[in-house]
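Take a walk through this model with the structure open.

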Amino acid sequence: MKDLSEIRQEIDRVDRELIDLFRRRMDCAKAVGLYKKENGLPVLNPAREEEILDRVEQEGGEYGLYARLMFQNIMELSRALQHNIIGTGEALREKIANASHDLAQEGVTVAYQGIRGANSHEAALQLFPEARLRHYKSFADVFAAVDSGEVRYGVLPVENSTAGSVSAVYDLILKHRFYIVGALDLSIDHCLAALRQSELEDIEIVRSHPQALSQCASYIEKRGWESVSSANTAVAARDVAREKRLNVAAICSKKAADEYGLKLLDSHLQDSDCNTTRFIVISKTLCMTGNANKISLCFSLPHVEGALYSLLCRFCSLGLNLTKIESRPIADRDFEYLFYLDFAGSLHSASVVDLLCQLSEELPEFSFLGNYFE
């Protein structure tokens, strides 16, 4: 039996041969790209790729599945090269080139869900300190206001570090395909607020938004209180003030308690000390500030084996870090999904622009949702 050093020497020899063969294969892919450009042919040929992968798996013997995986990656890289030769994605390149680079502040109207004192209200104040703020009852109403031009921007929560994604907002993002032009991570500190005559031992029922109730689940369960859902935390505070019941309290912010004349019975209720909610800014107009560092996309995937893996291969080849991937069911279709994806990157990088243009040509229902600072 060979010792380890001899085996490694053999691996190094084989690797050198593989590198040479890989370069020759990519030269062939380049020649194919030039031919397709000259003759107006599409880059993607699924039937041809599947035929090659089936043959490779069969010829690979005991390593057939590994060989198939390796060739899937090679094909992804070959297609990326051909897309760059052809210059695909002209519409997306033009959209990026024409994007504005400054987020308007003065004289604009900004929508948020809820009422004064809500966390969405606080996020909107921090993001747009000079704007006119307008509140709406539901997340859908915020999207509708942006769609109609009634407001310039909308501020919405998308996920919490404890309770996870706000699914209703992701569904609306995928429905409307508006641009995301900004983001904010807001630290959330939940308080227990009740009528000024109430004491902690009086409380039997707590009101709040479902996300807030989830973030304080251990605190509530320990005391055996009944939980009642509200539209948001500030609405819960307002309703407690209006109901005037000594045994009912709201889980809300200190600002909401002050806004509606409630007394604080307790604070720091959240189960996690690092309780943070991420908010985004939506707009019908693309804006990419100079410090933009996150990109969002949505798309569906073709119904072929390894489609998601192949997509992730493209990001890995450029060293791009995916920070979120979320799937949502497509209405009126059986078990078909839209994907929402965030990754760290900037469209000031030509290679990132090339990647998005490639994906815009290959992925069903692809939309570029924005490049913004977080």
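How many salt bridges does the structure hold? It holds 27, a salt bridge being a side-chain nitrogen of Lys or Arg within 4 Å of a carboxyl oxygen of Asp or Glu. This is a predicted model: local features need pLDDT of at least 70, side-chain atom pairs count only at pLDDT 80 or more, and totals for chains, interfaces and linings use all residues. Residues are numbered from 1 along each chain as its sequence is written, and side-chain values use heavy atoms, leaving out hydrogens and water.

Look at one pair. Arg-68 and Asp-54 join their side chains in a salt bridge, 2.9 Å from N to O. Arg-68 sits in helix α3 and Asp-54 in helix α2 (residues 46-59), 14 residues apart. Helices (H or I, at least four residues) and strands (E, at least two) are DSSP runs, numbered from the N terminus.

Stay with α3. The axes of α3 (residues 64-86) and α13 (residues 350-362) come within 10 Å and cross at roughly 100°. That makes α3 roughly perpendicular to α13, a label for angles of 65 to 115 degrees. Axes are lines fitted to C-alpha atoms, for helices over the stretch in contact, with angles from 0 to 180 degrees between N-to-C directions. Arg-79, Ala-80, His-83 and Asn-84 in α3 meet Asp-354, Gln-358, Glu-361 and Glu-362 in α13; contact means heavy atoms within 4.5 Å.

The largest cavity has a volume of about 240 Å³. On a 1 Å grid over the protein atoms alone, a cavity is a set of points where a 1.4 Å probe fits but cannot get out; lining residues have an atom within 4 Å of a point. The volume is the space filled by probe spheres set on the points, which are joined across faces, edges and corners. Of the 19 lining residues, Asn-119, Pro-157, His-209, Gln-211 and Phe-279 are closest to the centre. Helix α8 gives the largest share of the lining, three residues.

Finish at Tyr-260, in the loop between α11 (254-259) and β10 (263-267). Tyr-260 and Leu-318 are 58 residues apart in sequence and 52 Å apart in space, C-alpha to C-alpha.

Methods: Angles under 35 degrees count as roughly parallel, over 145 as roughly antiparallel, 65 to 115 as roughly perpendicular and the rest as oblique. On a 1 Å grid over the protein atoms alone, a cavity is a set of points where a 1.4 Å probe fits but cannot get out, and a pocket is an open set with protein on both sides within 12 Å along at least five of seven lines; lining residues have an atom within 4 Å of a point.
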